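This report describes selected local features of one protein model. Please consult the sequence and the three-dimensional view below while reading.

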Amino acid sequence: MIDRLATPHQRRAYGRGGINLVESPWRANTVPYISILLGSLLPIWVLADVMPLAPPLGFLVFLTWRVMRPGLLPLWVGVPLGFFDDLFSGQPFGSAIFLWSLTMIALEIIETRFPWRGFWQDWFTAGLAILLYILAAMVISGASITPFMLIMVLPQILMSILLYPLLARMIAWLDRFRLSRSRRIG
């Protein structure tokens, strides 16, 4: 009787079929990794220019997942994901493996020291990690660190740091998609 009195909107939101919903284990386990791999592949389609302008999207997506969902990625995941990024980034082989693993360890230490979190703290932490990552990638690639080189890489660093809130929004949407419920068949 109560179901007949409910509006169609209320029936859709709270009514029929709401009990038999479950998260998809496939989506819950693969969405973070697929998004990081796509982030590593995306800069391939950006044309090379005189200055490095394209941010390291694979690292940014990896970092954003780690900062927003601390326990989701295991500590060792920097090795395989860094390996994949090394294949497509143009950096010397092993640089992303080393730097991504180092980032995971550093973020784990920060997380245990400062368990409280907020957006501004996350953005500051991510910005510092981005700055150190880009400078360390320059050193590993064999570039000489001169004032001119630092000025040339500054737009890439600033663009990467300013891109973090947009990526955080995208990762939040992907996380909702990852944990969304769908109908169980059977």
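## Surroundings of R178

R178 touches R27, A28, V31, P32, W65, R69 and L72, leaving aside residues up to four places away in sequence; contact means heavy atoms within 4.5 Å. The model is predicted, so local features need pLDDT of at least 70 and side-chain atom pairs count only at pLDDT 80 or more, while totals for chains, interfaces and linings use all residues. Residues are numbered from 1 along each chain as its sequence is written, and side-chain values use heavy atoms, with hydrogens and water left out.

R178 lies in helix α8. Its relative accessible area of 5% makes R178 buried (under 20% relative accessible area, 1.4 Å probe, protein chains only). The side chain of R178 reaches the backbone oxygen of A28 at 3.1 Å.

Helices are DSSP runs of H or I with at least four residues, numbered from the N terminus.

| Helix | Residues |
|---|---|
| α4 | 57-68 |
| α5 | 78-89 |
| α7 | 119-141 |

The axes of α4 and α7 come within 11 Å and cross at roughly 145 degrees; these axes are lines fitted to C-alpha atoms over the stretch in contact, and angles run from 0 to 180 degrees between N-to-C directions. On the α4 side, F59, L60, L63 and V67 make the contact, and on the α7 side D122, A126, A129, I130 and Y133.

In α5, the buried residues are G78, L81, G82, D85 and D86. Seen down the axis of α5, they fall within an arc of 145 degrees, so they line one face of the helix; the arc is that of the directions from the helix axis to the C-beta atoms. Their cover includes α3, α4, α6 and α7. After α5 comes G90, with a positive phi near 90 degrees.

Key. Helix = DSSP H or I, 4+ residues; strand = E, 2+ residues; numbered from the N terminus. Buried < 20%, exposed > 50% of the residue type's maximum accessible area, 1.4 Å probe, protein only. Polar contact = N/O pair within 3.5 Å; in protein donor to acceptor, adjacent residues only side chain to side chain.
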